[in-house]
Structure formats: structure tokens, C-alpha cells
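Please read the following report alongside the sequence and the model.

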Amino acid sequence: GLVRIMSDTIAAISTAIGEAGIGIVRMSGKESLDIANKLFKGKKIEKLTESYNRRLVYGHIIDPKNSEIIDEVLIAFMKEPYTYTRENMVEIYCHGGIIPVRRILDLVLEYGSRLAEPGEFTKRAFLNGRLDLAQSEAVIDLIRAKTDKSYKVSLDQLEGNLSKKIEEIRNILLEMIAHIEASIDFPEEDIEEITYEELEEKGRIVYEKIGKLLQTADRGKILRDGLNAVILGKPNVGKSSLLNAILRENRAIVTNIPGTTRDIIEEYVNIDGIPLKVIDTAGIRTTDDIVEKIGVDRAKEMVDKADLIIAVFDASNELTEEDYQIIDIVKNRKSIVLLNKTDLPNKYDENLLKELIPDKEIIVTSIISGIGIDRLENAIKKMFYSGNLLVESDILITNLRHKNQLIKAKKNIEEGINGITSNMPLDCIEVDIKNCWKNLGEISGDTVGEDILDKIFSEFCIGK
Ligand code: GDP
Ligand code: ZN
């Protein structure tokens with residue numbers, strides 16, 4: 001329960017583990033200062049006290065058991081409630097690298113704190129009312145943002161802009177509920193009694209506002225998670241070369257032996273602010289080679305999850321059985337077709353491909369000489385972003401959980417409006433309105449169960 005969670009002092013390494021200039025060990029909770037004082041010896045001060053609130057103090061972390069100096073550090077005490085968690089916090093800035101941060105963490109654990117669960121600092125910030133749930137979720141999005149644009153969207157959400165919008169809608173719903181209850185409780189008096197017309201009008205405003213937010217969800221998802229693009233083609237057509245060309249660096253293996261891209265290679269590229277996740281597959285070649293087969297099976301799995309398939313064909317060879325398999329896959333999916341190796345003598349009938357997949361854009365490329373890559377990038381942009389993803393829209397729904405809540409709320413208000421227009425009794429209508437209010441409240445965390453909280457915060461990294 002909450003009481004147990006909040007009463008102990010938690011600790012974690014808050015910086016990435018590995019070689020670095022500095023590392024930070026962080027504590028939050030009542031005992032933070034006491035624990036720090038058992039381990040810290042200042043150069044100029046005897047004891048860290050509350051009067052050093054928010055000041056960096058220089059000194060050493062010393063193991064009390066044998067007086068061994070563990071590291072030279074700066075330490076900061078931050079007094080509640082003006083901290084990340086709204087509890088007393090201590091941060092110890094030591095040398096980066098695995099050993100100092102580990103040993104300092106071990107000491108603070110030994111002397112009275114316990115290891116924080118993933119996201120527990122942020123969870124405390126939420127439970128102590130400093131962040132609402134949508135803001136807390138923005139923290140992790142911010143950390144994981146892959147482009148400036150997705151970073152900005154997360155920052156807006158952290159600032160509370162999404163929550164404000166949701167509250168705006170919930171306030172309209174509250175008004176409706178208040179009017180309905182007044183009408184139910186005091187039907188004889190004509191004060192504050194709301195007409196069905198007025199209810200319908202308000203209901204439609206809510207419906208429209210929810211719909212508008214939902215419309216941003218597809219763009220929001222792409223911004224946050226990236227667009228899943230799978231490069232498909234039989235061995236040796238130039239898939240890895242394409243990936244490299246897109247990445248403009250040589251990370252995937254390029255070779256002229258068929259089937260060397262054994263496994264799946266995933267990379268993020270930034271196309272005008274949108275993260276494009278490119279996946280190079282081992283092709284869909286049916287093969288007895290077990291190692292390559294792992295790649296092939298996963299390739300098929302990736303195809304089913306893909307937002308976009310980039311199919312590559314080799315113009316210097318005739319279409320083979322494998323090409324026809326790929327054409328079948330491409331036919332009823334969102335895809336762009338590349339006709340590659342056009343620098344070589346053409347052995348193949350372009351019209352055949354046009355006939356087989358008449359509704360697909362075919363881009364002629366010579367990846368080896370960098371021809372056609374820009375046209376591919378433009379085609380991707382045109383296909384998914386229709387020019388408006390980069391327009392500063394005020395709020396984007398980037399989170400699947402939020403989207404699902406909005407879908408539920410939209411259904412609620414739809415039913416509410418149906419009830420109103422068919423003159424249902426007010427108390428029936430009220431049920432739908434209340435559900436709508438409640439479902440929206442789960443976005444900001446105003447109405448949310450502990451199981452959902454646990455799930456959300458468990459996706460965080462440790463130390464945040
Ligand atoms: P993958 O098996 O589909 O990933 O193909 P690779 O990217 O490994 O390329 C196979 C071979 O084709 C390599 O030797 C590439 O240099 C070569 N290649 C790729 N694109 C082109 C191209 O546009 N023209 C020519 N002539 N060769 C290419
Ligand atoms: Zn390859």
C-alpha cells in the first residue's frame with residue numbers, strides 16, 4: 001500500500017552505467033540526510049545540515065566500517081517539498097564509471113535506504129501530487145525521445161498541456177452532471193434546469209473536442225515510436241546498401257554474397273524530425289540454412305507489424321520466384337517499390353512490374369551511386385506526413401494508453417448524446433456522462449487504479 005511505499009528511503013544510480021565524467025547516486029525519503037551523514041565527510045564542514053539546502057558541498061564518501069575513502073564527491077541536499085519527489089533528497093556526484101557509483105550505491109543501501117524500483121522517484125512525484133499521470137508518462141517519453149520534435153511534444157506534455165486540455169473537457173462534463181443532478185433533485189423549481197437541447201449542445205462540444213484529440217493520435221504515435229519501415233527483397237538486391245545510404249553511415253554489413261544479412265538490423269533515421277525505424281531483413285528467401293532462416297522468419301513477422309514496406313528489386317536481373325513472393329506481400333500493404341541497380345545493363349521488363357502492381361509508386365534507383373534516395377525519402381514523407389506533421393499543432397496524443405481512454409470516452413459521450421436525442425430519462429444519460437468523465441480522468445490519473453499505476457511506472461528506467 002501507499003504508506004509503506006512512502007515511508008522508506010529509496011536510492012538508485014541515476015546516470016547511465018558505464019564510463020563517464022560523473023555519475024549520480026540519488027536518494028529520496030525521510031532518512032536521506034541521515035544516511036548521507038553516515039558516509040559523507042566534508043572538506044570544510046563536519047556535518048551536512050538542512051542549512052545547506054540546495055548547495056553543493058565538496059568532500060569524500062568514506063566507508064564507516066574501515067574508514068576507506070571510496071570517492072571524492074560533491075553532495076547536494078534538497079529539502080522537501082521543493083524537490084523532484086517532494087521528499088527530502090540527496091544527490092551524490094561522484095566519478096563516472098562502474099566502480100565508484102556501485103560502491104556508493106552499496107553503501108547508501110547498507111546504511112538505511114533500499115533500492116528504488118524502476119520509475120519509483122517519478123511515482124513518488126505523482127503520489128505526492130507534483131506531477132499528474134500524463135506528466136509522469138511524459139518524463140519517460142522525454143528520456144526516450146529520438147528527434148527534437150518528439151522531444152518537444154513530450155516537454156509540452158510534461159508542462160501539463162495535455163492535462164489542461166483534458167480538464168477543460170472534463171469541466172464541461174461536470175457542468176452537465178451538475179445540471180442533470182439539479183434537475184433530478186429539484187424538478188419542480190425552474191432554477192438551473194437544463195433543457196435537452198442545452199445538454200445535446202454541450203455533449204456535441206465534448207464529442208468534437210475528444211474527436212480532435214484522437215485525430216492527432218496517428219501522427220503522435222509516429223512521432224513517439226517512429227515509423228516502422230521494413231526493407232524487403234531477395235538476397236543481393238541492395239537492401240543493406242539502401243539502409244546504409246539512408247543512414248549515411250556503414251552500420252549494416254554490405255557484401256555481394258547472397259544472404260549475408262543474417263539477422264534483422266534496426267536503425268533510426270531522422271527524416272525532417274520524424275524518426276523512421278528502418279529494418280533490414282534477410283529477405284524472404286526460403287532456405288535450408290538455419291542461421292539465415294532465423295532472419296527470414298523474423299522478416300515475415302516484421303512485415304506484419306510494419307507501417308511501411310520498402311520492396312527492392314534488381315533491374316539487372318529477370319524477376320524470379322522470390323520476387324513474385326515479394327510482389328504478393330507488397331500488393332495489399334502500404335509500400336514503396338524500388339527498382340535498383342539501374343546503372344547496370346537492364347535485363348528486365350519494367351512494364352511487367354507496373355502491370356503486377358499498378359497502384360504502387362515505382363522509384364528507379366542506383367543505390368550504389370546514391371541515385372533515387374532523395375525521391376524515396378520524399379515519397380515516405382508524402383505518404384505519411386501529408387505535410388502537416390511538422391506544423392505546430394498544440395497537442396498531440398502520443399501515448400497508446402491515452403488514445404484508448406479517449407476512444408472509450410468518445411463512445412460514452414456518443415451514447416450520452418443518443419440518450420439525449422431519444423429523450424431518455426436524465427439519470428440514464430447521466431451514467432454515460434459520468435463514465436466519460438471518469439475515462440478521461442484516467443489520462444491525468446485523477447481516477448486511476450493501482451494496477452495501472454504499477455504497469456506505467458514499471459516501464460521506467462531505474463533511477464528516474
Ligand atoms: P542485400 O543482400 O539485399 O542486402 O544486398 P547488399 O546491399 O548487400 O548489396 C549486394 C551487392 O549489390 C553489393 O555488392 C552492392 O555493392 C551491390 N549493389 C547495391 N546497390 C547497387 C546498385 O545500385 N548498383 C550496382 N551496380 N550494385 C549495387
Ligand atoms: Zn543485406
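## Arg130

Arg130 is located in the loop that joins helix 4 (120–127) to helix 5 (133–144), where helices are DSSP runs of H or I with at least four residues and strands are runs of E with at least two, both numbered from the N terminus. The model is a predicted one, in which local features need pLDDT of at least 70 and side-chain atom pairs count only at pLDDT 80 or more, while totals for chains, interfaces and linings use all residues. Residues are numbered from 1 along each chain as its sequence is written, and chains are lettered from A and ligands numbered from 1 in the order in which they are written.

Arg130 counts as partly exposed because it has 18 C-beta neighbours inside 10 Å; a residue is buried if 20 or more other C-beta atoms, placed from the backbone, lie within 10 Å of its own, exposed if 12 or fewer, and partly exposed in between. Neighbours within four places in sequence left aside, Arg130 is in contact with Arg86 and Ala125, contact being defined as C-beta atoms, placed from the backbone, that lie within 7 Å.

## The annotation and Lys464

In an unreviewed entry, UniProt lists Arg26, Glu91, Arg130 and Lys464 under "binding site"; the positions are given in the numbering used here, feature names are shortened, and annotations may be inferred rather than shown by experiment.

Lys464 belongs to the segment after helix 17 (450–458) and counts as buried, because 22 C-beta neighbours lie inside 10 Å. When residues up to four places away in sequence are not counted, Lys464 touches Ser14, Gly119, Phe121, Thr122, Val139 and Ile143.

## Helix 7 and its packing

Helix 7 (residues 161–185) has 25 residues and reaches 36 Å from its first C-alpha to its last, close to the 36 Å expected, a span calculated as 1.5 Å times one less than the number of residues. Its buried residues include Leu162, Ile166 and Leu173, and among the elements that cover the buried residues of helix 7 are helix 5, helix 6 (148–158), helix 8 (196–215) and helix 16 (426–444).

Helix 7 and helix 16 pack at an angle of about 160°, with their axes 9 Å apart, the axes being lines fitted to C-alpha atoms over the stretch in contact and the angles running from 0 to 180 degrees between N-to-C directions. That makes helix 7 roughly antiparallel to helix 16, a term for angles over 145 degrees, with those under 35 counted as roughly parallel, 65 to 115 as roughly perpendicular and the rest as oblique.

## Lys47

Lys47 lies in the loop between strand 3 (40–42) and strand 4 (56–63) and is exposed, with 11 other C-beta atoms within 10 Å.

Key
Two residues are in contact if their C-beta atoms, placed from the backbone, lie within 7 Å.
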